[in-house]
Amino acid sequence: MCGIVGYTGKRTAAPVVLEGLHRLEYRGYDSAGLAVVNGGLQIFRAPGKIAVLERELGSHLPEGTTAIAHTRWATHGVPNTVNAHPHADCGGTIALVHNGIIENAGALRQALGKRGHVFRSQTDTEVLSHLIEETHTKGASLVDATAEALRQVEGTYGIAVISSREPDTIVAARHGSPLLVAIGNSENFVASDASAVLAHTRSVVYMDDGEIAEVKPTDYRIMDLATVEKEKVVTQVDWDLATIERGGHAHFMLKEIMEQSESVQNTLRGRLLEEDGTARFGGLNISNEELLKVQRIVITACGTSWHSGLIGEYMMEELARIPTEVEYASEFRYRNPIVDERTLVIGISQSGETADTLAALREAKRRGARTLGLVNVVGSTIAREVDGGIYLHAGPEIGVASTKAFTSQIVALALLTLRMGRLRALSILQGREVVRALAKLPELVTRVLAKAPEIEQLADRLIRAQNVLYLGRGYNFPVALEGALKLKEISYIHAEGYPAAEMKHGPIALIDDLMPVVFIAPKDGVHQKVLSNIEEVKARGGRVIAIVTEGDTALDKLADYRIEIPETLDLLTPVLSVVPLQLLAYYVAVRRGCNVDQPRNLAKSVTVE
């Protein structure tokens, strides 16, 4: 979850890595630090955000043309200066930054302590610096010493290491945490994702688990931990720096909400076949014959992606008539799941690096299941390891609270459902109806986004709430879960999502005249049932905010506040109904003075367990 960037070349390195670090701050902001080879080794660290580190550095940045930097999401040890990265060895020769968790750190620390090593922090990371020191100071090269240290480690890591003994070298290695090497002109970089280096190059080499890289200004080598060299493909990143800037918006989250017409369009582009009433994919890598052999689907994901998976379950069972289950990836990986060669396991992850989802997919493959990935980041680990997949093409998502990735995930699942359905029970006429509805979605999302000023005014009604209940049925029950998650993620107001009918089995006890209740109540197949649930809330004095279909007057006297969305097919309604809830959470959080893009205790990409 932490952010790593390193540079070696001709330029002064500190400004380069600090710039890259700012673009990685969404990965963690508990502390920050950098190390520069400058004759010896200089290390600078500070708790809090990168701006705090920069204030401490002042205008006189350290010289030196090789540096590594880190922004931390704390796991082991409180976020303070002592626990901030980089971590050094006893002699101050080696500096190391790390993303991941060293599971046997306790045993290693104890053994190193007996051999005379002195530890300064509470972190698991520091043991790596001392392990590398043991052989590097005896004459081993930095890459050989790092490989030897990593052979003793259990757990996950993405690391970058520098040494004053090899002033133009960065060693990088990964196992379970993303890392890449970026290739410039007489300068090279390492980073935990491409956003850190896009100002300088688009040529990147994605590292795989068990690989170690030796990076110098004019060349690089990638090897396994036995230091046997490997051939790797250089990938060109297909988005540029402008796509990860705020573009005039106050926050990345608002920018990404407002981009959803475009991101939905990008997910659909080139995939709709109206004449045949189906969808096509470039990278599915599973034939129609193989898809027909699928007897069961398991969708595995975490957080917001889990919510989109629930919607996918409803779609698959209704249109394709395939039994479908949705599993929390963190639970799936530790159970004894029943999957076999007739099971299709779909992993959903915006980053393509979510540790639990990746582990769940690996377990499914080990048991013989076919695997698909729905990811947004090209070249990510999940994208490389699954049998086939669907890229969302939603563009970079920097705000920690996911928005446009969620709606693109729903659209991608609808496309996959369409393909599966047409191979089975879905008629060509039904398929064409779905295709036409999907094609209209970008325009309909634009109409919902136009209601932002109206939703902004409504936010004033929620800023003092202590609890909010979100209720929906059918396809919009997962939207209730997602709306509640967005509110608590960024505004810190307690919120819960429930199926509307479950309200009377417990949550109704909470309802009074101080309790806002948000109903997702479009005019769909369960509309009348939701109206009955709203009546129950009003009878107990609850304040009702309702998401309703344009022209539906049934809630005029029941709802205290109404937000209208255009009509579409029931299965696509979540793409529209979630947008007002995203905007509502955003405006409430802004009014409460919360840091919308970097909510406390959260990070964008959860690459540790």
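User: In what sense do β8 and strand β12 pair, and over how many bridges?

Analyst: This is a predicted model, in which local features need pLDDT of at least 70 and side-chain atom pairs count only at pLDDT 80 or more, while totals for chains, interfaces and linings use all residues. Residues are numbered from 1 along each chain as its sequence is written, and side-chain values use heavy atoms, with hydrogens and water left out. Strands (E, at least two residues) and helices (H or I, at least four) are DSSP runs numbered from the N terminus, and two strands pair if DSSP finds at least two bridges between them. For β8 and β12 (residues 211–215), with Ala172 standing opposite Ala213, the pairing is antiparallel, over five bridges.

User: How many of the ten residues of β8 are buried?

Analyst: Buried is taken as under 20% relative accessible area and exposed as over 50%, with partly exposed in between (1.4 Å probe, protein chains only). By that cut-off strand β8, residues 166–175, is mostly covered, the number of buried residues being seven.

User: Is Thr93 buried or exposed, and what is its relative accessible area?

Analyst: Thr93 sits in the loop between β5 (87–88) and β6 (94–102). Contact means heavy atoms within 4.5 Å, and, leaving aside neighbours within four places in sequence, Thr93 is in contact with residues including Leu41, His136 and Arg165. Thr93 counts as buried because its relative accessible area is 12%.

User: Which strands are the edges of the eight-stranded open sheet?

Analyst: The order of this antiparallel sheet is β3-β2-β4-β1-β10-β9-β11-β14. Each edge strand pairs on one side only, and these strands are β3 (40–47) and β14 (235–236).

User: What angle does the direction of helix α2 make with that of β3?

Analyst: Axes are lines fitted to C-alpha atoms, for helices over the stretch in contact, and angles run from 0 to 180 degrees between N-to-C directions. Helix α1 (residues 13–23) lies across β1, β2 (31–38), β4 (66–72) and β10, running at about 155° to β1. Helix α2 (residues 50–57) packs on the sheet and touches β2, β3 and β4, and its direction makes with that of β3 an angle of about 130°.

User: Why do the buried residues of α2 line one face, and within what arc do they fall?

Analyst: The buried residues of α2 include Ile50, Leu53 and Leu57. An α-helix has 3.6 residues a turn, so residues three or four places apart point the same way. The arc is that of the directions from the helix axis to the C-beta atoms; seen down the axis of α2, its buried residues line one face because they fall within an arc of 60°.

User: Which exposed residues does the opposite face of α2 carry?

Analyst: The buried residues of α2 pack against α1, β2, β3 and β4. The face turned away from this buried side carries Arg55 and Glu56.
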